[in-house]
Amino acid sequence: MDIEMKKNIHFLLFFFFFSVSPSHHNIFANQKLTVMTLNTGLLPWPLGMKQRKKRAKKIAKTILNLTYDPDIIALQEVFGESYQRKITKKIKNKYPYILQDFQSGRHIFGVDSGLVLASKFPIEKRILKEYKHSLGDGNLARKGVMGIKIQHPVLGPVYVFTTHMQAGINKFLSYLFDFYKKYKNDSDLASRLQLKEARKWITSFVDDKDRFHATILYMGDFNIKNKDKGDDKEEYQQTLQILKAQDTYRQQESAARSTVWRTEEELRIDYIFNLSSHENLKGSSFIINDFNKKMTDHRAVIGEFHL
């Protein structure tokens, strides 16, 4: 066999290997990072939407057939090991690296955080922290911050965090759990305290060597409205200030103006925030309609980022 023929054979073998290998194909295809956040509304019985098992299967199927192809997905309100496994079992071939939370909250009849992170890329390290400042029914779930670090073939170190923050206050449960707290009737203050906790955890989790060139994204259901006037505007602006974050949302790219199904007017409480110091990082987030109101509690938000 002459030298020229050997070169041709080596080239064909190289081409075949990288064409059929999914992992290596992804390395060449993934010039950008795509992420998704979704509140599933899989609450413990008898709360919230019904047909939980059926919806969990539909959510998993939809994730596998999204118009956009996320590298990392963040889910909220997947309460209970059973519902988490119904989704993660279905998607594990596409998202083999998964961080889940099965630990119950601080009270005897509490539930887990409901948070799930699933990634196509290996997870280098992980974090799960529970908020100290929760009110009312927020005490019943182990709400907090979940995060991972991965290595992207183009962007390098990437940190992705998700959360499900304080919502409105159930007065009876607040009286039961929060009687000793000075801010027991102030959900806005509880939210600000949670944001400060989150910022502290995120800052300490990011490696010093990555601080100025890593991609750092914080996404989830923040229960903070993006209204353009009044108290909602002030709370939204305080959120960005506390987190030192940029809201990546671009309305012109979105399929809808609201992340909740109950209105078509502009109302966002689900966000993908950019916390990076990376000057060259570019990207945006937008709302998609791949899921529907019979399946999930909210619409999903997709983010695409590149250098």
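The chain has seven helices and twelve strands, where helices (H or I, at least four residues) and strands (E, at least two) are DSSP runs numbered from the N terminus. The model is predicted, so local features need pLDDT of at least 70 and side-chain atom pairs count only at pLDDT 80 or more, while totals for chains, interfaces and linings use all residues. Residues are numbered from 1 along each chain as its sequence is written, and side-chain values use heavy atoms, with hydrogens and water left out.

**Exercise 1.** Find the angle at which helix α3 and helix α4 pack, and describe their contact.

Step 1. Helix α3 covers residues 52-64 and helix α4 covers residues 81-91. Their axes are 9 Å apart and the packing angle is about 30°. Axes are lines fitted to C-alpha atoms, for helices over the stretch in contact, and angles run from 0 to 180 degrees between N-to-C directions.

Step 2. This angle makes α3 roughly parallel to α4. Angles under 35 degrees count as roughly parallel, over 145 as roughly antiparallel, 65 to 115 as roughly perpendicular and the rest as oblique.

Step 3. From α3, the contact (heavy atoms within 4.5 Å) takes in Arg52, Lys53, Ala56, Ile59, Ala60, Ile63 and Leu64. From α4, Tyr83, Lys86, Ile87, Lys90 and Ile91 take part.

**Exercise 2.** Which residues of α4 are buried, and where do they lie around the axis?

Step 1. Buried means under 20% relative accessible area, exposed over 50%, and partly exposed in between (1.4 Å probe, protein chains only). In α4, Tyr83, Gln84, Ile87, Thr88 and Ile91 are buried.

Step 2. These residues cover an arc of only 120° around the axis, which puts them on the same side of α4. The arc is that of the directions from the helix axis to the C-beta atoms.

Step 3. An α-helix has 3.6 residues a turn, so residues three or four places apart point the same way.

Step 4. Lys89 and Lys90 are exposed on the other side of α4. The cover over the buried residues of α4 includes β1 (33-42), α3, β2 (72-78), β3 (97-99) and β4 (116-119).

**Exercise 3.** Is serine 258 buried or exposed, and which residues is it in contact with, leaving aside neighbours within four places in sequence?

Step 1. Serine 258 sits in the loop between β9 (246-247) and β10 (270-274).

Step 2. Serine 258 counts as buried because its relative accessibility is 0%.

Step 3. With those neighbours left aside, serine 258 is in contact with Thr263, Glu265, Leu267, Ile287 and Arg299.

Step 4. Serine 258 and isoleucine 287 are 29 residues apart in sequence, and their C-alpha atoms are 7.6 Å apart in space.
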